[in-house]
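Hi,

Here is the structure I promised to pass on. Have a look at it first, and then read on for what turned up.

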Amino acid sequence: MPAVDKLLLEEALQDSPQTRSLLSVFEEDAGTLTEYTNQLLQAMQRVYGAQNEMCLATQQLSKQLLAYEKQHFALGKGDEEVISTLHYFSKVVDELNILHSELAKQLADTMVLPIIQFREKDLTEVSTLKDLFGLASNEHDVSMAKYSRLPKRKENEKLKAEVAKEVANARRKQHLSSLQYYCALNALQYRKRVAMMEPMLGYTRGQINFFKKGAEMFSKRMDSFLSSVSDMVQSIQGELDAEAEKMRISQQDLISVNESVYTPDSDITSPAINRNLIQKAGYLNLRNKTGLVTTTWERLYFFTQGGNLMCQPRGAVAGGLIQDLDNCSVMAVDCEDRRYCFQITTPTGKAGITLQAESKKEYEEWICAINNISRQIYLTDNPEAAAIKLNQTALQAVTPITTFGKKHEVHHSSQNVRNTENDKTTPNESAGAQDSTQLIALGTPIQFDIVLPATEFLDQNRGGRRANPFGESEDSSKNEEEDSLLQQMFVVRFLGSMAVQSDDTSEVIYEAMRQVLAARAIHNIFRMTESHLMVTSKNLRLIDPQTQVTRISFELATVTQFAAHQDNRRLIGFVVHLSETPGEESMSAYVFESNTEGEKICYAISLGKEIIEAQKDPEALAQLMKSVPLTNDGKFMLLNDQSEEDGTTHEEGEESEA
């Protein structure tokens, strides 16, 4: 006999779409078998009914033959031979009636009864287990939805434990019901073969016995055939018994697993996280907008395929593309008071999809996997080795302080500010002339959020006027904007800052970028604050886009070095040279990610510094104003080679005024 298809019991707990898809094939097979069994039973019942009718018919025939003698025919002379003949025929018919009765009884016991038992026992069992599996699956989905809605507040730890226990119970119940359902479907593949052949075996034997006893008309060749069929049925029954025992043992082993298999987020303190993944699969909650302010969350199965994120609903044959991960970015987000949420952003800076993992381990592994894929590591000859090497390089690159820790003050000796010509970025300027230790001191702490320096805070609040508690004075800001000859706004996200020892070359900016990005990867810091970078002819200001409050401001003259990354054009950094106390100076490098090309920001800064120098000489200023286009109100206008990619630029189009 050919091999029998089986459902793997080991995949019952994962309940993946592939398993569900295979399960649907078995369910379809069971449904077809049920429909065919009903039709076959009707045909067999019709045969059995015909055989019973034959018994009644032969019995009635025998009576009618005997009743011939009692008939009063008007012309009934000479019927004695007929009557005696009919009496003989009546005996023959009675004997045949006995054989037909025995055949009817054999058909009822060996043909109709087995198919009825197969339908009422096996097929009904499969149908019942299917309903129980569906109820357990729905109960698990409800408990998971309830668990996913848990808030992050610590005072709800008791509620969290109760809900986690409810999820574990529901998952255990679903696992047990799926194991029983899979075992029944596997056994059905054997039983249906027996159920199809056993009734016909009984029917054939009954007919042969009927004919043997009646007229010995069947040849003995059928005996060997029926014997072989009987041996075959016994062999299949033996295989079924062995497979049933094997499935019973496997079921016991799968049920006796650790409780952590059923409990989500069981090891939240120190989960074993694999940061070198280049592919990932599992269930996530997808956030969908259903209106202007309303959203829904849908639990779907996600998996990565090359550089794509695929989504496969339960029961679907294949998955569909939901997000291209090449050159994208991923960050942790706070979303509707849910835990373990992260957002994927497109290479153009446009916010993509928002997803939620069910545990801290899944949450961090998904973020690491998407980060690795976005760097196109999967295209290398050995992606696993490339991912391991990348993470090892990141671990060896820096020794940053803890996440969002305030950086220590690092003082350096006084240095003269370079002139405007030296401020222009030259990417290959004295490359490799200085060691990284000469650019940035070992163990330099990295700051991942904007903290207003003490001197800057004192400058903003110095004087007799009452400071605006929500930001800078509106009058002073407006006056500065009106007096400035250059105003250009860019949408940026702050990545980090750190103290540096030199501002002679742009290599210090590239080294700062490398260490900031490596530190973010090591400490899983994926959250970035979006701001508006205002470049004027006087200063650089980082503005909150919602409150319009200035988060931090630098005089343009203190910006001594600036450059865009050579490979990732959206990375921009600059070095600020400040005098904190008399006789002591410090230099810090600030790294940002922009929605536009970093060269545009560098050009704006360079133009601002040229304006500062030109303002010292009216003739030089006039010459500069002739070489650069001006707006209608006399301010400098920057010409963009192409439109902004994400639509976040100003409504004034090409003009530099915000």
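In what order do the 7 strands of the open sheet lie, and is their pairing parallel or antiparallel? Please keep in mind that this is a predicted model. The order is β4-β3-β2-β1-β7-β6-β5, and the pairing is antiparallel. At the edges sit β4 (320-324) and β5 (329-332), each of which pairs on one side only. From one strand to the next, the twist averages 40 degrees.

Now to the helices. Helix α2 covers residues 80-148, which is 69 residues. From its first C-alpha to its last, α2 reaches 96 Å, close to the 102 Å expected at 1.5 Å a residue. You will find a kink of about 35 degrees in α2 at L113, shortly before the proline P114.

Helix α3 (residues 157-214) has 58 residues and spans 83 Å between its first and last C-alpha, close to the expected 86 Å. A kink of about 35 degrees is present in α3 as well, centred on Q189.

Helix α1 (residues 17-66) packs with α3 at an angle of about 30 degrees, and their axes are 11 Å apart. Angles under 35 degrees count as roughly parallel, so α1 is roughly parallel to α3. Their crossing is left-handed. In the contact of α1 with α3, the residues comprise 16 nonpolar, 5 polar and 4 charged.

Happy viewing!

How values were computed. Residues are numbered from 1 along each chain as its sequence is written. This is a predicted model: local features need pLDDT of at least 70, side-chain atom pairs count only at pLDDT 80 or more; totals for chains, interfaces and linings use all residues. Side-chain values use heavy atoms; hydrogens and water are left out. Helices (H or I, at least four residues) and strands (E, at least two) are DSSP runs, numbered from the N terminus. The expected span of a helix is 1.5 Å times one less than its number of residues. The bend at a residue is the angle between axes fitted to the seven residues ending there and the seven starting there. Axes are lines fitted to C-alpha atoms, for helices over the stretch in contact, and angles run from 0 to 180 degrees between N-to-C directions. Angles under 35 degrees count as roughly parallel, over 145 as roughly antiparallel, 65 to 115 as roughly perpendicular and the rest as oblique. A crossing is left-handed if the near helix is turned anticlockwise from the far one by less than a right angle, and right-handed if clockwise. Ala, Val, Leu, Ile, Met, Phe, Trp, Tyr, Cys and Pro count as nonpolar, Asp, Glu, Lys and Arg as charged, and the others, Gly among them, as polar. Two strands pair if DSSP finds at least two bridges between them.
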